[in-house]
Every structure is written in structure tokens, then in C-alpha cells.
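Trainee: I have a chain open and some questions about it. Can we go through them one by one?

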Amino acid sequence: MQSRLYLARSDGSIAVLDKGNLRKCPFCTELIKPEARVCRDCGREIELVCAIAEEMSLEALQKSHHPSLPPGESVPFQAAKELGRPCKYCCPPDRATRDRLGISPYGDTPEDNEKREAYWLEQLEKLGLFPCLFVLGSSHVTSFSNLLKKSGYKAEIVHAEWWPHS
Ligand SMILES: [Zn+2]
């Protein structure tokens, strides 16, 4: 298999290891320890990353996509595709949804960010595949990992920020 290094533009990532002490085996749904690499029930190997999720919307990716990627596909999406894992864009998909959530049109207020992060968590729960690697902007890393922990998830910050500092 070809090995490839992916560099995503988003500058932070969090590993979400599911709620409490146990997580579901993606193959047989038996409850297993988060650190287990083999399911004790079906004997299958469990990958470290079962899904990738991203602070991104299909709308944004279609409006301005990377010149070398198909419209609607991000770098984490490409990585997930190669791993044979699902990738979920967790941002509100359109203006109508942002209106419903009460996110202001130019909104980057603390209240807007809180609403956005609550929506990401909802999407992660809908996806329901853990461990999940969540790719997001560095300004959200602390607040989103706090929200995850408050909601009972085990969350590890993989990279708070990986831009070189000048
Ligand atoms: Zn299993």
C-alpha cells in the first residue's frame, strides 16, 4: 500500500474516544475498552481511527474548493477515503440551518461559536463512530474539547495548533 502524508489546512485536531470507559466495536457493537485493539467478542482488529470528522461544510467546500481536489472534498475526506472510513462535515450545511440555530450572518461571536460547537457535537453523536479524529480550527480546540468532556466524552487533543510560530 502506498503511504502518503496528508497536510490539512485546519490547524488543530482532537481524538474523541466515546463516552465513559467503553466504546462499541464497529463490527459487532460489543462494548470494549477504549484502548483495546482487538474485539474480545468477534476477534476483529479495531483501528485507532474509525471515522474522521471535520469543522467544515459541503456548502463551503463547493464554493471554494482546493484546485487539486474535486468540489465538495477536503483533505481529511481524501485521507478517510484512503483508510476506507467515513468522513463527516460537521458544520451547519446552509444558511437556513444557521438561521434555525440562531447563528448571526457574519457571526463569530462567542455565542455563535457555542452554537456551532453544540451542532458539531450533535453531528458526531449522529455519526456514532469512535474513536473519531476531529479536525478543526485551532481557536476552537480548547472550547470544543471542554464541551466534549462536559458531555461525558473522552477527548484527547492531538494537535492544538500545528502552524509554525514566527
Ligand atoms: Zn466485535
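**Confidence, a helix and a leucine**

Mentor: Start with confidence. This is a predicted model. The mean pLDDT of the protein chain is 85, and 90% of its residues reach 70 or more.

Trainee: In which element of the protein chain is confidence highest, and in which is it lowest?

Mentor: Where pLDDT is low, predicted coordinates should not be read in detail. Helix α4 (residues 110-127) has the highest confidence, at a mean of 95. The lowest, at a mean of 79, is in strand β2 (residues 23-24).

Trainee: Which strands do the buried residues of α2 pack against?

Mentor: Helix α2 covers residues 75-83, and its residues Pro-76, Phe-77 and Ala-80 are buried. They lie on the same side of α2, because they cover an arc of only 100° around the axis. The buried residues of α2 pack against β4 (51-54), β5 (87-89) and β6 (132-136).

Trainee: Is Leu-148 buried or exposed?

Mentor: Leu-148 sits in helix α5 (residues 141-150). The cut-off for buried is 20 or more other C-beta atoms within 10 Å. Leu-148 has 22 C-beta neighbours inside 10 Å, so Leu-148 counts as buried.

Trainee: How far apart are the C-alpha atoms of Leu-148 and Asp-18?

Mentor: Leaving aside neighbours within four places in sequence, Leu-148 is in contact with Val-16, Leu-121, Tyr-153 and Ala-155. Asp-18 is 130 residues from Leu-148 along the chain. Their C-alpha atoms are separated by 9.3 Å.

Definitions and conventions. Residues are numbered from 1 along each chain as its sequence is written. This is a predicted model: local features need pLDDT of at least 70, side-chain atom pairs count only at pLDDT 80 or more; totals for chains, interfaces and linings use all residues. A residue is buried if 20 or more other C-beta atoms lie within 10 Å of its own, exposed if 12 or fewer, and partly exposed in between; C-beta atoms are placed from the backbone. Helices (H or I, at least four residues) and strands (E, at least two) are DSSP runs, numbered from the N terminus. The arc is that of the directions from the helix axis to the C-beta atoms. Two residues are in contact if their C-beta atoms, placed from the backbone, lie within 7 Å. pLDDT is the predictor's confidence in each residue, from 0 to 100.
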